[in-house]
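Please open the model in your viewer, show it as a cartoon, and keep the selection panel at hand. The stops below are meant to be taken in order.

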Amino acid sequence: MISSTQNETTIRVRYADTDQMGVVYHSNFVVWFEVGRVELLRQFGFRYRDMEQHDNCHIPVVDLHVRYKLPAYYDDEVIVRTRLKDFRKSLLIFHYEVVRSEDGALLAEGETTHFIVDENFKRRTLPSKYVAAFTGSSAE
């Protein structure tokens, strides 16, 4: 069973994040997903950097879906809600919601799918300590 852990990361929209129409450029949501994902892993008790450096465990994005609902604007404060939706021995799926702090409006939602690979991009299994963190159990 996957932990119900969810991370909420607050981001202030910078002027540089907006396009000519004054709204947040669509690809910035993908960057915010990454910010939320890294913070969720930290909340689980480890850093993504340590996964790479100490465990030769990398999680490249292999699929990405975003559904845009409403625009975000310069100086809006947004909350990126991130949770681990599913995982298997060599796959992780994260779910995201981006909401505006001021009114709680859902701006976008999405998912990313990640393979678990080594430094040579060869598929590998998720080390047991991460499985334990994701399920809330002890590592065996």
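Predicted model: local features only at pLDDT ≥ 70, side-chain atom pairs only at ≥ 80, totals over all residues.

N56 sits in the loop between α2 and β2, helices (H or I, at least four residues) and strands (E, at least two) being DSSP runs numbered from the N terminus. Its phi is near 50 degrees, a positive value in a residue other than glycine. Most residues other than glycine have a negative phi.

Step back now to α2 (48-55), where D50, M51 and D55 are buried. Seen down the axis of the helix, the buried residues of α2 fall within an arc of 105 degrees, so they line one face; the arc is that of the directions from the helix axis to the C-beta atoms. These residues pack against α1 and α3, contact meaning heavy atoms within 4.5 Å.

Next, select α3 (residues 128-135), whose buried residues are Y130, A132, A133 and F134. Their cover includes α1, α2, β3 and β4. Just after α3, G136 takes a positive phi of about 75 degrees.

Then colour the open sheet, whose five strands have the order β1-β3-β4-β5-β2 with antiparallel pairing; two strands pair if DSSP finds at least two bridges between them. At the edges lie β1 (6-12) and β2 (61-68), each pairing on one side only. Neighbouring strands are turned by 20 degrees against each other on average, direction ignored. Seven bridges join β1 to the antiparallel β3 (residues 77-88), and the partner of I11 in β3 is V78.

Helix α1 (residues 27-43) lies across β1, β2, β3, β4 (91-100) and β5 (106-115), running at about 135 degrees to β1; axes are lines fitted to C-alpha atoms, for helices over the stretch in contact, and angles run from 0 to 180 degrees between N-to-C directions.

Finish at F121, in the loop between β5 and α3, which is exposed with a relative accessible area of 63% and has a positive phi near 65 degrees.

Terms used: Residues numbered from 1 in each chain as written. Heavy atoms only, no water. Buried < 20%, exposed > 50% of the residue type's maximum accessible area, 1.4 Å probe, protein only.
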